[in-house]
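Subject: Structure for your files

Hello,

Here is the structure I said I would pass on.

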Amino acid sequence: MSRRGIRALEGMLGLLGLAALAVAPWVLNPFQLGFLLKIFIWGLFAASFDVLFGYAGLLSLGHSVYFGLGAYGAAWLTLAYGPGAFPLALTAGALAGGIAAAALGALAVRTGSHGFIILTAVSALIAFLGAQSRRDLTGGDDGLTLPAMPLALGGWEAGCADPGPAYLLALGVVVLGFWALWRLVRSPLGLALRCLRENELRAQALGYNVYALKWLAFTIAGLGAALAGALYALVNCHVSAALFSWLVSADVLIWTLFGGAGTLGGPLLGTGTFFALRELLSDLWPAGYPVLVGLALLGIARFLPRGIVGGLRELLNRQQRGEAQR
Amino acid sequence: MTTALAARGVRKAFAGFRAVDGVDLALAEGEWVALIGPNGAGKTTLLNLLGGQLRPDAGAVYLGGEEITHWPAARRARAGLARTFQVPALFPELTVREHVVAARLRGRWALRFPPDAEGVEELLERCRLLERASRRAGELSHGDRRLLELAVALALEPRVLLLDEPAAGLSPAEVEGLLALLGDLRRERPSLAVLVVEHDMDVVFELADRVVVMHRGRVLAEGLPADIQRDPEVQAVYLGARGP
């Protein structure tokens with residue numbers, strides 16, 4: 001199959017998938033719908049991380065900071081102005097994370113690769129401990145509970161247990177966020193980020209300002225993570241200090257590697273596969289399912305080192321080369 | 001004649017070792033200069049000082065009369081100073097075409113690609129890489145990587161080009177192809193100034209209008225290729241038995 005054919009097929013599958021997802025509220029029960037929502041929101045978070053890690057080659061262990069800031073930004077706005085202000089809460093949450101990423105990014109991108117990892121990990125630790133200690137603001141480990149967004153579809157009202165119409169809003173936001181990231185990685189900026197990932201010195205010799213590029217990637221990734229965090233708060237109706245934990249940053253790294261770093265769609269798929277696997281295995285062996293999930297991860301690392309999407313692309317490339325040689 | 005690139009009293013030491021020790025060098029517009037010398041003479045260090053990969057401890061570098069000593073490599077590239085590397089320094093996961101497109105953007109970002117695909121195809125064809133345009137750089141042969149290095153440098157549309165051992169590791173047929181390519185370039189871009197570091201004396205004497213010989217971080221001699229070939233001091237330190 002030609003490259004254009006593969007793209008057309010991918011596009012068609014994407015549209016079909018989107019149509020199927022749009023009718024999901026009428027087909028799935030509230031638990032299944034909530035499960036899908038979780039995948040979308042964390043998938044958007046993973047896609048934003050992929051811009052930084054998979055495209056720009058910067059390994060951050062503090063991406064949870066921006067998810068947490070987005071979530072708390074939206075939560076505080078909702079508690080202050082009521083659930084009707086959800087568009088403002090969503091925007092403010094995303095901007096809070098984006099601005100914080102722009103500020104920390106200006107410092108972080110000046111460090112070397114090891115310094116960058118340490119600095120971002122420390123930022124997650126500080127944010128987590130800070131959120132735990134300021135219970136008056138964050139609710140600490142217990143967190144803050146929010147009212148559901150006042151959304152209705154026909155007679156169907158959105159609730160925290162039964163998202164219903166909120167699902168459609170979240171789907172729209174995730175699709176828009178994902179589309180924006182996709183446009184970005186396909187643009188000259190995306191190409192520049194890949195140059196940076198592959199060979200920083202060479203990228204400089206081509207005229208690229210690598211610090212500006214890294215900062216931009218950090219800020220955009222932070223903005224994307226914060227948008228996902230704000231959406232999480234509004235749909236989940238609850239936020240807690242645990243959202244800042246570096247474990248959340250480790251999770252997003254695993255999902256991204258699982259699906260395929262540097263593919264954008266891979267991290268979304270990785271998140272979905274990981275969540276589904278966890279759900280399935282926890283039913284099979286409730287006490288030991290983390291071991292099974294770990295083994296599945298080892299299998300991916302061993303047999304698909306580029307992740308699911310990266311591995312499939314590699315396979316298609318090899319097939320194409322084989323056809324071209326014949 | 002206008003000076004395209006100049007170094008004045010440039011010095012660079014590493015842990016007390018003077019790799020480049022007060023070098024003066026100037027390239028006129030359209031001039032092709034070969035920089036030769038034994039291993040460890042400081043040729044690549046000098047190229048790194050000119051290209052902005054290293055900052056000199058002392059001295060100054062000028063591009064078209066403007067001092068660029070403290071400019072980072074990226075700014076020098078945008079100003080028209082392109083270079084190739086001794087060991088091909090490419091982006092292994094990017095395709096050949098993506099390399100040339102990325103270079104043509106010259107550090108500019110936008111959300112849309114400029115519509116100059118024809119220029120990219122033309123350059124790939126000229127560098128004999130069009131057939132492999134969709135291949136990843138990591139999958140190319142050594143000879144093709146050298147060609148891609150050159151294509152990337154040319155895509156920057158430079159006014160000064162620094163070539164670091166462009167013929168290293170190439171077969172005689174590939175060297176012939178490279179010389180033909182550089183010959184075409186010279187005809188088509190008469191104002192382009194080129195500084196080439198090279199060990200292959202056939203390449204040096206074929207390409208260069210002038211030869212500069214470095215030894216222990218200093219300029220030992222410079223002159224016309226024929227004069228350099230006859231210079232007994234140069235023969236003693238570098239050409240040795242291979243001399244005329």
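This is a predicted model: local features need pLDDT of at least 70, side-chain atom pairs count only at pLDDT 80 or more; totals for chains, interfaces and linings use all residues.

Residues are numbered from 1 along each chain as its sequence is written, chains are lettered from A and ligands numbered from 1 in the order in which they are written, and side-chain values use heavy atoms, with hydrogens and water left out.

Interface

Chain A gives 28 residues to the contact and chain B gives 33 residues (contact means heavy atoms within 4.5 Å). About 2600 Å² is buried between chain A and chain B, 60% of it on carbon and sulfur atoms; buried area is the accessible area (1.4 Å probe) that two parts lose on being put together, summed over both. On the chain A side, Pro188(A), Arg202(A) and Leu206(A) lose the most area to chain B, together 25% of what that side buries.

Between chain A and chain B there are 10 residue pairs in polar contact, both residues at pLDDT 80 or more (a pair of N or O atoms within 3.5 Å; within protein, one must be able to donate a hydrogen and the other to accept it, and residues adjacent in sequence count only if both atoms are side-chain atoms). Helix 9 (188-198), helix 10 (200-205), helix 11 (210-236) and helix 15 (307-325) of chain A each give two or more residues to the side that touches chain B. Helices here are DSSP runs (H or I, at least four residues), numbered from the N terminus. Helix 9 of chain A supplies the largest share of that side, eight residues.

Salt bridges

Over all chains the structure holds 27 salt bridges (a side-chain nitrogen of Lys or Arg within 4 Å of a carboxyl oxygen of Asp or Glu). Four salt bridges are found across the interface of chain A and chain B. Arg306(A) pairs with Glu93(B) at 3.0 Å, N to O. Arg136(B) forms a salt bridge with Glu314(A), with the closest N and O atoms 3.2 Å apart. That pair runs from the loop between helix 4 (117-126) and helix 5 (142-155) of chain B to helix 15 of chain A.

Packing in chain A

The axes of helix 3 (residues 30-55) and helix 11 of chain A come within 7 Å and cross at roughly 170° (axes are lines fitted to C-alpha atoms, for helices over the stretch in contact, and angles run from 0 to 180 degrees between N-to-C directions). Helix 3 of chain A is therefore roughly antiparallel to helix 11 of chain A (angles over 145 degrees). Residues in this contact include Leu37(A) and Trp42(A) of helix 3 and Phe218(A) and Tyr232(A) of helix 11.

Helix 3 of chain A also packs against helix 12 (residues 246-259) of chain A, at an angle of about 80° with the axes 9 Å apart. The two are therefore roughly perpendicular (65 to 115 degrees). Among the residues in that contact are Trp42(A) and Phe49(A) of helix 3 and Trp255(A) of helix 12.

Regards

Methods
Angles under 35 degrees count as roughly parallel, over 145 as roughly antiparallel, 65 to 115 as roughly perpendicular and the rest as oblique.
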